[in-house]
Amino acid sequence: MTAVTADIAAAGRGADFVVIGDGGPPPVGVVCFHFAGGSAQSFFRWRGAARAAGCALIAAELPGRGRRLREGFVPSLASAAMALARSFAALAAAMPDKRWVFFGHSMGALLAYETVRRLRADGGPQPQGLIVSARHAPGWHPVSSGLPELSDEALCDYLRHLDGTPAAILDNPAFMAMALPILRADLGLLYGYAHVLGQPLDMPVLTIGASADGRVPLEALVAWGTATQGAFRLRMVPGGHFSLLDEPAIVFDAAREMANGRNMA
């Protein structure tokens, strides 16, 4: 374990983050926020890309899954953001020379956004930028647009029509018995989410959408521009809802630009 990894692990142990890779000497770190039904493990396959990009890679993990499987689910997205902000403040204090960028996919986009707002409200450390993908802007209505009902049947059908869940998993009763309660709890966070108007962020925001993601229309992606007073850019990639997860270099390249104060190309 390197000194950087040891610092991260010491600050985050028992909290809300999982260390995936320290990235070596370059002082850029990417903090990932997982999608509904996901976990920190959703980003383990990004380890090689993070190493190649020279970025530390940290992933948030909500209770009720992964290493926090025995913990009860969080009651609201706001309470999750509050806990994550507190834990991130400890991580940042342990590594004062690291420049951070937040990335959130789908539900994780709102979670990353609200964590940034919580940090600002608490006077805590701020990331250098925010990258979000595959999610409507926080003020977009209705919040539940594109989401299924929360019955087992509706959730299974929802997963079958997304592009990120193999049929072998969907047809595995034992896996689904474990996965559906997590997905239901996370979607419940979205159903219960209400955006509270406030001062826009003052950092660059990059929104990434997928051309074949029918659940997140272009206008809902463009609306992220109202979330910041800083630079805003929209980038579209081919594929469906989870296609970006196969292209992590896009995220790391943008994170390095933000962390180094360069304009987003």
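Is Glu-114 buried or exposed?

Hello everyone. What we have here is a predicted model, in which local features need pLDDT of at least 70, side-chain atom pairs count only at pLDDT 80 or more, and totals for chains, interfaces and linings use all residues. Residues are numbered from 1 along each chain as its sequence is written, and side-chain values use heavy atoms, with hydrogens and water left out.

Let's begin with the overall picture. The protein has nine helices and seven strands; these are DSSP runs numbered from the N terminus, helices being H or I with at least four residues and strands E with at least two. Its C-alpha atoms fill a box of roughly 50 × 40 × 35 Å along the principal axes. For 265 residues, a compact globule would have a radius of gyration near 18 Å, and the 17 Å found here agrees with that. That radius is taken over C-alpha atoms, and the globule rule is 2.2 Å times the number of residues to the power 0.38.

As for burial, 52% of the 265 residues count as buried. Buried means under 20% relative accessible area, exposed means over 50%, and partly exposed is in between, using a 1.4 Å probe and protein chains only.

Now back to Glu-114. This residue lies in helix 4, residues 107–121, and it counts as buried because its relative accessibility is 13%. Leaving aside neighbours within four places in sequence, Glu-114 is in contact with Leu-77, Ala-81, Tyr-193 and His-195.

Asp-152, in helix 5 (residues 152–160), has 43% relative accessibility and so counts as partly exposed. Not counting residues up to four places away in sequence, Asp-152 touches Leu-180 and Arg-184. Leu-234, in strand 7 (residues 232–237), is partly exposed too, at 27%. Beyond its neighbours within four places, Leu-234 is in contact with Thr-207, Gly-209, Leu-218, Leu-221 and Val-222.

Next, the aromatic rings. A pair of aromatic rings is described by the distance of the centres and the angle of the planes. Here, rings of Phe, Tyr and Trp (its six-membered ring) pair if their centres lie within 6.5 Å; planes under 30 degrees apart count as stacked, over 60 as edge-to-face, and the rest as tilted. The structure holds ten such pairs. In one of them, the rings of Phe-43 and Trp-46 have centres 5.2 Å apart and planes at 75°, so this pair is edge-to-face. Trp-46 also pairs with Phe-103, with centres 5.5 Å apart and planes at 35°, so that pair is tilted.

Where do those last two residues sit along the chain? Trp-46 is in the loop between strand 2 (28–33) and helix 2 (47–53), while Phe-103 is in strand 4 (residues 99–105), so the pair ties together parts 57 residues apart in sequence. Phe-43 is buried at 0% relative accessible area, Trp-46 is buried at 0%, and Phe-103 is buried at 0%.

Elsewhere, ring pairs link Phe-17, Phe-33, Phe-88, Trp-100 and Phe-102 into a cluster. There is also a charge to point out: the charged end of Arg-47 sits over the ring of Phe-44, 5.6 Å from its centre. For that, NZ of Lys or CZ of Arg must be within 6 Å of the ring centre and within 35 degrees of the ring normal.

Cys-32 is buried at 0% relative accessibility, and Cys-55 is buried at 1%.

Finally, helix 9. This helix covers residues 248–259, twelve in number, and reaches 16 Å from its first C-alpha to its last, close to the 16 Å expected at 1.5 Å a residue; the expected span is 1.5 Å times one less than the number of residues. Nine of its twelve residues are buried, among them Pro-248, Phe-252 and Glu-257. Just after helix 9, Gly-261 takes a positive phi of about 75°. Glu-257 is 42 Å from Asp-152, C-alpha to C-alpha, and 105 residues from it in sequence.

How values were computed. Contact = heavy atoms within 4.5 Å.
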